[in-house]
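I opened my notebook to look up a few spots in this model. Here is what I wrote down along the way.

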Amino acid sequence: MQTRLGEAEMHLEHLTITRKTVTGLADRLTAVAPDLPEHSDYPRILAAFNHASGPLRAKDVCEALGHELLSKNVEGTRAKLKRLVKLGILTEADTDNFARKQ
């Protein structure tokens, strides 16, 4: 009987640890996937931010998308980044420094 009680207590302890782990991970996930505007660049922009270790500028994102660094391409990318800020997906810490919202 003592052995079974010890096993049950250990099992309960493991369940408690698992619950804490899953709850901690769930807090990091967004509840609903954001609705992105319909353009093929948006998922690619988010992928660039997922691989980045810090904020990105419009030029950096433009390069990550494989676009030439022409003024029209950089400005178009900047407009998309600002739209993602308005949607609450990105933040703009400084002028033209964008990062994934935490």
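I call a residue exposed when its relative accessible area is over 50%, and buried when that area is under 20%. I also kept in mind that this is a predicted model.

**Entry one: helix α2.** I started with α2, which spans residues 41–51. I found D41, Y42, I45, L46, A48 and F49 buried there. Looking down the axis of α2, I saw that these buried residues fall within an arc of 155 degrees, so they line one face of the helix. On the face turned away from that buried side, I noted the exposed residues N50 and H51.

What do the buried residues of α2 pack against? I listed α3 (58–64), α4 (71–86), β1 (90–94) and β2 (97–100).

Next I turned to K80, which has its place in helix α4. Is K80 buried or exposed? I put K80 down as buried, because its relative accessible area is 16%, and the cut-off for buried is under 20%. Leaving out residues up to four places away in sequence, K80 touches H39, D41, Y42 and I45.

Then I went to the loop between β1 and β2, where D96 lies. D96 counts as buried because its relative accessibility is 9%. Setting aside neighbours within four places in sequence, I found D96 in contact with L56, R57, A58 and R78. D96 and R57 are 39 residues apart in sequence, yet their C-alpha atoms are 5.5 Å apart in space. With R78, I noted a polar contact of 3.1 Å between the side chains.

How values were computed:
Residues numbered from 1 in each chain as written. Predicted model: local features only at pLDDT ≥ 70, side-chain atom pairs only at ≥ 80, totals over all residues. Heavy atoms only, no water. Buried < 20%, exposed > 50% of the residue type's maximum accessible area, 1.4 Å probe, protein only. Helix = DSSP H or I, 4+ residues; strand = E, 2+ residues; numbered from the N terminus. Arc of directions from axis to C-beta. Contact = heavy atoms within 4.5 Å. Polar contact = N/O pair within 3.5 Å; in protein donor to acceptor, adjacent residues only side chain to side chain.
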